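Welcome to this short briefing. Take a look at the model below, and then we will walk through it topic by topic.

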Amino acid sequence: MHSASIPMISVHGLHKRFGANQVLAGIDLEVERGKSLVIIGASGSGKSVTLKCILGLIKPDSGSIRIGGQEVTGLSGARREAYLAKIGMLFQGAALFDSMSVWENVAFGLIQARGMPVRQAREKALAAMEKVGLDASIADMNPAELSAGMQKRAGLARAIAPEPEILFFDEPTTGLDPIMSGVINELIVERVRDLGATALTITHDMESARRIGDSIALIYQGRIAWCGPSDRIDDCGEPHVDQFINARVEGPFTADLLRR
Amino acid sequence: MREWNFLAIIGRLFIGFLASIGHLLLFTAHTLRHLFTPPFFWRITFRQMLRIGYFSLPVVGLTAIFTGAVLALQIYVGGSRFNAESFVGQVVVISMVRELGPVLAALMLAGRVSSAIAAEIGTMRVTEQIDALTTLATNPFKYLVAPRLIAATVTLPLLVLIADIIGVMGGFLAATQRLGLNAGVYMKSTIDVLEMEDVTSGLTKAAVFGFLIALMGCYHGYNSRGGAQGVGAATTDAVVSASVLILLFNYILTDFFFS
């Protein structure tokens, strides 16, 4: 099979339970190379757990996760590091290292994982910061001195600096004002396009989902309830999607909540 | 039924205790594996040595000088009941080098260092910085845990050596300035009674205590959950468990060296 026809991210039958709580009950999803999938869903629906399973931060109970056709569940040592070197991740709170300056954060993956000389890594870090609209004058500042929006952009610069094949975004616009959310959405779209990367985003911000995603999947009760092109979501006819995207108080989500 | 409930509670606590021991042993084994395999982060290790060792010097020094001085006063009072005032210097040096130097320095560092490590790593855990390290293809055990363990294990014996000297000097000052003992006789008796085994046993204890202090800080910080409250609990647990383990291993090592 030609590598272009193999999905870049392929998840099948993913299960995860925490005690009595079955969080994932058979997640199936695929993301084509160079495409962007956004997973939406209510709080506690398993979006973050799905993402952390794919990243290898949580071990699933069962199921398969393939990246570029290669099984990555249970990878360890050098093979796991080789997989991680292909990815970039923007965390919800940016997760910048507060013991380092902004440029050291952005250059971290280049220096530690790629073994790039510090001077060269600093130049690449400054270039990545420029791409996300961060001025070189803040390079030596501590992350705590930055606003939430600037921290998000620094986190994005850190994710794109090593030019990864796959980018993951965890709630990229949470906690930001609408204008900064729009800026972050645009930056994500532009940078993903520049890199030709595959992107997987989790969010419950519909504005963000429509802007970032080529396709959108709704996760509900540990399964994918609907998945399709983002421009088809408004008339997909799926009641859960309908309630979620229109923020209706009444609907299947509410009925389930009341039953619990 | 009530007795059964009581037994069930004890059983659950015991199983929980065993699970905690198992979890800690697995963490230790995992840590040891990464301690001896590359890559090594020497710059971070050196920075940790400065934080753990150099910046702990004042607190360890103050503890040692007052302990040595008090020891001299107490031994003089106790010794005078048996006409044994001349043994003050000998008892001070043996007590400081074998026991009080390593144990008190370690307990002070359990409060200062173990808590700081737990708070730092715990905060990194709850703010997803450890997850970020992992996604940047950097093993947190190698990058966070191993440098702190190496730094504490190497640094504590050096700190204890300094504490021993300061403690003996504290005893010397109290004995000569307060009790009026002869300075030359005091120093001669101190040097004559000291054997190499006294020093090496104390420094070996210090290395073990250093390892335990960093291990408890890293373990509780790495496994902290639930935001600020979780980090606070991890910090307390790190200090308490490090202190208890220091006293437990002090007994085990003393028994090993001297019985």
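Two residues are in contact when they have heavy atoms within 4.5 Å of each other. By that rule, 23 residues of chain A are in contact with 14 residues of chain B. Please keep in mind that this is a predicted model, where local features need pLDDT of at least 70, side-chain atom pairs count only at pLDDT 80 or more, and totals for chains, interfaces and linings use all residues. Residues are numbered from 1 along each chain as its sequence is written, chains are lettered from A and ligands numbered from 1 in the order in which they are written, and side-chain values use heavy atoms, with hydrogens and water left out.

**Where the chains meet**

- The area buried between chain A and chain B is about 1,600 Å², where buried area is the accessible area (1.4 Å probe) that two parts lose on being put together, summed over both.
- Of that area, carbon and sulfur atoms give 63%.
- Three phenylalanines, A:F91, A:F97 and A:F108, supply 27% of the area that chain A buries against chain B, more than any other three residues.
- The rule finds 2 salt bridges across this interface; a salt bridge is a side-chain nitrogen of Lys or Arg within 4 Å of a carboxyl oxygen of Asp or Glu.
- B:E128 forms a salt bridge with A:K52, and their closest N and O atoms are 3.6 Å apart.
- On the side of chain A that touches chain B, the elements giving two or more residues are α1 (47-55), α2 (77-84), β6 (87-90) and α3 (102-112) of chain A.
- These element names come from DSSP runs numbered from the N terminus: helices are H or I with at least four residues, and strands are E with at least two.
- Sorted by class, that side of chain A has 13 nonpolar, 4 polar and 6 charged residues; Ala, Val, Leu, Ile, Met, Phe, Trp, Tyr, Cys and Pro count as nonpolar, Asp, Glu, Lys and Arg as charged, and the others, Gly among them, as polar.

**Chain B as a whole**

- Chain B has 9 helices and 0 strands.
- Its C-alpha atoms fill a box of roughly 65 × 60 × 30 Å, taken along the principal axes.
- A cis peptide bond joins B:P38 and B:P39, with omega about 5°.
- B:P39 lies in the loop between α1 (2-35) and α2 (42-52) of chain B.

**Helix α6 of chain B**

- Helix α6 (residues 140-178) of chain B has 39 residues and reaches 53 Å from its first C-alpha to its last.
- That is close to the 57 Å expected at 1.5 Å a residue, the expected span being 1.5 Å times one less than the number of residues.
- At the start of α6(B), a side-chain oxygen of B:N139 reaches to within 2.8 Å of the backbone nitrogen of B:F141.
- After α6(B) comes B:G180, whose phi is positive, near 75°.

**Helix α3 of chain B**

- B:A69 sits in helix α3 (residues 57-80) of chain B.
- Leaving out residues up to four places away in sequence, B:A69 touches B:G170, B:G171 and B:A174.
- B:A69 and B:F40 are 29 residues apart in sequence and 42 Å apart in space, C-alpha to C-alpha.

**Inside chain A**

- Over all chains, the salt-bridge count comes to 17.
- The side chains of A:D140 and A:R122 meet in a salt bridge (3.3 Å, N to O).
- A:D140 lies in the loop between α4 (118-131) and α5 (148-160) of chain A and A:R122 in helix α4, so the pair ties together parts that are 18 residues apart in sequence.

Notes:
A polar contact is a pair of N or O atoms within 3.5 Å; within protein, one must be able to donate a hydrogen and the other to accept it, and residues adjacent in sequence count only if both atoms are side-chain atoms.
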